[in-house]
Amino acid sequence: MARRVSIFGATGSIGQSTIDLIDRDRDGYEVVALTGGRNIRRLAADAIRLRAQVAVTCFDSELDALRDALAGTGIEAAAGTAAVTEAAARPADWVMSAIVGAAGLAPGLAALKQGATLALANKESLVTAGPLIMQTARDNGARILPVDSEHSAIFQGLVGEDPAAVERVVITASGGAFRDWPLDQLAGATVEQASTHPNWNMGQRITIDSATMFNKALEVIEAKEFFGLSGDQIEVVIHPESLIHALVGYHDGAMMAHVGAPDMRHAIGYALHWPDRKPLPVARLNLAQIGTMTFRAPDPARYPALPLAWRVMEQGGAAGAVFNAAKEVALDLFISKRIAFLDMAVLVEKVLDQVSPQMDGANAVLGLESIRDADAMARRVAMEIAERAI
Ligand code: NAD
Ligand code: MG
């Protein structure tokens, strides 16, 4: 029987890679919902080719364009944030969560509530609301499968092992666009320079987050929440070749490394076919040709955003939501050329300093409303600080 699948953020980098895999076996899937933003042409074309039930744009203003593009096809068109979340409540067996940013949280929760398996690329869900997401999955008998490549690698490194035997996990990082730049040039780094990744082809926001290593900070928190680790069990190492995606270290000293080409279709395909392994169209590595893999410690002077992850984990409660929201504002300000590259980490740290004393419930499972309040407060404070000039 065909599996019912929905893809949130279908027009983005992860969404398109997911569609690439589904396209190769179109009879195996029944597509329920596809969502996107302003790229109506792509959204409509994919919805028509995959015979989706409904296509949703998150922008109300794009509804007419989407309706026109789908006229006569029998595919429903919808628009707006609420419509995106409603689409996640439509029964599906497997849901890809690949919206970028905190906007991915509500649709992910809705998918878990109807019991779908959630393939989670949207790392912001676990950073902002880890305990809520995990509890919602448990309460509804729903499964979450990690899609971030490092977390898929850890997940695969745990297969057949006793979780109590895990000592630590090591998450690798490429080091991003500026890993080899002289430190004194970072202050002048431009948006264009930060938007080029040495190894992975990804959306612009995560690519810039790789250059600052905010992306790795989010992934450290994501690993804590998903695998139930403590901060001191998580390490980050720079591995410029991006061939080892993560390692799991066991208490007998062994480390299980996940090695593969840097292609997100591996992690997406693993989550799509889990618990089976099916053939995937990713490059095979020739180790003799590769010759060497190298590793180095991340320099905190180059990546001041990274240590903030441990501060956020220690604080708990709404700190993850504050951190992520402040980071999203800082990234918007950098992309719109209103602050400099190095100001992003400075701004986020200032927001954490200012907001932390007002935060509650370090150990409570915060509900969606509290998380939204913390998110809104952090965005407000970030704008205030930025306007005062940091
Ligand atoms: P992208 O920018 O290429 O695509 C984002 C998608 O989300 C688009 O479909 C866009 O229309 C939609 N979107 C944007 N804002 C939205 C909003 N407010 N409401 C609803 N939809 C909205 O992003 P991406 O690189 O595919 O990343 C998607 C998610 O996956 C992010 O959370 C990212 O951190 C994570 N991720 C990406 C990669 C990668 O290789 N690209 C790897 C690991 C994790
Ligand atoms: Mg990753």
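This is a predicted model: local features need pLDDT of at least 70, side-chain atom pairs count only at pLDDT 80 or more; totals for chains, interfaces and linings use all residues.
A polar contact is taken here as a pair of N or O atoms within 3.5 Å. At alanine 121, a backbone N or O atom is placed 3.4 Å from an oxygen atom of the ligand. Ligand 1 taken alone exposes 830 Å², of which the protein buries 84%.

The shell around ligand 1 draws two or more residues from each of two elements, helix H1 (13–23) and helix H6 (123–139). In total, 22 residues surround the ligand, and Thr11, Ser13, Ile14, Gly37 and Glu124 are the closest of them. Classified by residue type, this shell comprises eleven nonpolar, eight polar and three charged residues.

Packing between helices was examined for H14 and H15. Two packed helices are described by the angle between their axes and the distance between the axes. For helix H14 (residues 319–335) and helix H15 (residues 343–355), the angle is about 145° and the axes are 9 Å apart. The crossing of H14 past H15 is right-handed. On the H14 side, the contact is formed by Ala319, Val322, Phe323, Ala326, Lys327, Ala330, Leu331, Leu333 and Phe334. H15 contributes Met344, Leu347, Val348, Val351, Leu352 and Val355. The residues of this contact comprise 14 nonpolar and one charged, with no polar residue.

Backbone geometry was considered next. Most residues other than glycine have a negative phi, and most peptide bonds are trans. Arginine 51, which is not a glycine, has a positive phi of about 50°. This arginine 51 lies in the loop that joins helix H2 (40–49) to strand S3 (54–57). The peptide bond from tryptophan 274 to proline 275 is cis, and its omega is near 5°. Proline 275 belongs to the loop between helix H11 (264–273) and helix H12 (287–290).

A further proline, proline 298, is located in the loop between H12 and helix H13 (308–315). Its C-alpha atom is 8.7 Å from that of alanine 173, although the two residues are 125 residues apart in sequence. When neighbours within four places in sequence are set aside, proline 298 is in contact with Met213, Val236, Val237, Ile238, Tyr303 and Leu306.

Terms used
Residues are numbered from 1 along each chain as its sequence is written. Chains are lettered from A and ligands numbered from 1 in the order in which they are written. Side-chain values use heavy atoms; hydrogens and water are left out. Axes are lines fitted to C-alpha atoms, for helices over the stretch in contact, and angles run from 0 to 180 degrees between N-to-C directions. Helices (H or I, at least four residues) and strands (E, at least two) are DSSP runs, numbered from the N terminus. A crossing is left-handed if the near helix is turned anticlockwise from the far one by less than a right angle, and right-handed if clockwise. Contact means heavy atoms within 4.5 Å. Ala, Val, Leu, Ile, Met, Phe, Trp, Tyr, Cys and Pro count as nonpolar, Asp, Glu, Lys and Arg as charged, and the others, Gly among them, as polar. A residue is near a molecule or strand if one of its heavy atoms lies within 4 Å of it. A polar contact is a pair of N or O atoms within 3.5 Å; within protein, one must be able to donate a hydrogen and the other to accept it, and residues adjacent in sequence count only if both atoms are side-chain atoms. Accessible areas come from the Shrake-Rupley method with a 1.4 Å probe; for residues, only the protein chains shown count as cover.
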